[in-house]
Each structure stands twice: as structure tokens, then as C-alpha cells.
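Got the model loaded and the selection tool ready? Then let's take a walk through it, one stop at a time.

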Amino acid sequence: MSMLTQAFGLVIRRKRIQLRVSQEELAERAEIHRTYVSSIERGRVRVGLDVAGKVAEGLGVSLSSLIRAAESVRGQTRIKNVPDHKRRHDRTRKPE
């Protein structure tokens, strides 16, 4: 995915965590599925304006503020995501 897509997801995740809102709660507020929130935050999907607007509303912020923040993050040399607690083990590892 594009750097902007990844940056947008990171901004959403940071804001959600700052507000102490779970993915489930944000999904409910935005009227989308929890797994879709997860995919957005990880930069795995390109979000349309309607969904992005719902997410912004669910976070209690304007869509334009999320976009501005994402553009700022994208301008940094490297995007560092919040660690994913459910990462799979390295698949290239040989069985013992």
C-alpha cells in the first residue's frame, strides 16, 4: 500500500489509543466491522471518503485533521507502526 495509506492508518491508531478506545468501540461508533478497523490501522486497505468520515466521526475529530496528520507522518523518512502483538513467526525458519 501507499505511504499515505499506511500513514493514515497509523494516525487513526494513535488517535484511538490516545482516546483509550478499543477497535471494537471505534468500529461500533463508525458502523464498520472491527476487522476493517484493524485493516485500516495496519494500512492494508485503501479507505473511501465515506468510511474515512465515519472513522473520523467515531474518533470525534474532523476528517481534514486526520488527513493533515497523515500527510505530516508521510513526510517523515520512515513510518514506525505500533508493534502488532499477533505477528506470525518467521515462516522461513526451518523446523527443528
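Start by selecting S39: leaving aside residues up to four places away in sequence, S39 touches R44 and V45, where a contact means heavy atoms within 4.5 Å. S39 sits in helix α3; helices here are DSSP runs of H or I with at least four residues, strands are runs of E with at least two, and both are numbered from the N terminus. With 16% relative accessibility, S39 counts as buried (buried is under 20% relative accessible area, exposed is over 50%, partly exposed is in between, using a 1.4 Å probe and protein chains only).

A word on what you're looking at: this is a predicted model, in which local features need pLDDT of at least 70 and side-chain atom pairs count only at pLDDT 80 or more, while totals for chains, interfaces and linings use all residues. Residues are numbered from 1 along each chain as its sequence is written, and side-chain values use heavy atoms, with hydrogens and water left out.

Now zoom out and colour by secondary structure. The protein chain has five helices and zero strands, so to speak a plain α-α-α-α-α when read along the sequence. Of its 96 residues, 32% are buried. Among contacts with a separation of 6 or more, 63% are between residues 24 or more positions apart.

Next, select residues 23-30, which is helix α2. Which of its residues are buried? They are Q23, L26, A27 and A30. Look down the axis of α2 and these buried residues fall within an arc of 100°, so they line one face of the helix; the arc is taken from the directions from the helix axis to the C-beta atoms.

Not counting residues up to four places away in sequence, L26 touches I12, R16, V21, V37, V55, G58 and L59. L26 also belongs to the largest nonpolar core, a group of 20 residues in which I12, L26, I32, V55 and L66 touch the most other members. Such a core is a set of buried Ala, Val, Leu, Ile, Met, Phe, Trp, Tyr and Cys residues joined through side-chain atoms within 4.5 Å. Each of α1, α2, α3, α4 and α5 supplies at least two residues of this core.

Two loop residues are worth a click for their backbone. Most residues other than glycine have a negative phi. R20, in the loop between α1 and α2, has a positive phi of about 55°, and R20 is exposed at 80% relative accessible area. E31 follows α2 and lies in the loop between α2 and α3. Its phi is positive as well, near 60°, and E31 is exposed at 64%.

Last stop: the second largest pocket, with about 210 Å³ of space. A pocket is an open set of points on a 1 Å grid over the protein atoms alone, where a 1.4 Å probe fits, with protein on both sides within 12 Å along at least five of seven lines; lining residues have an atom within 4 Å of a point. The volume is the space filled by probe spheres set on the points, which are joined across faces, edges and corners. Select L4, T5, F8, V47 and I67, the closest to the pocket's centre of its 14 lining residues. Helices α1 (3-18), α4 (49-59) and α5 (63-74) each supply at least two lining residues, and α5 gives the most, with four.
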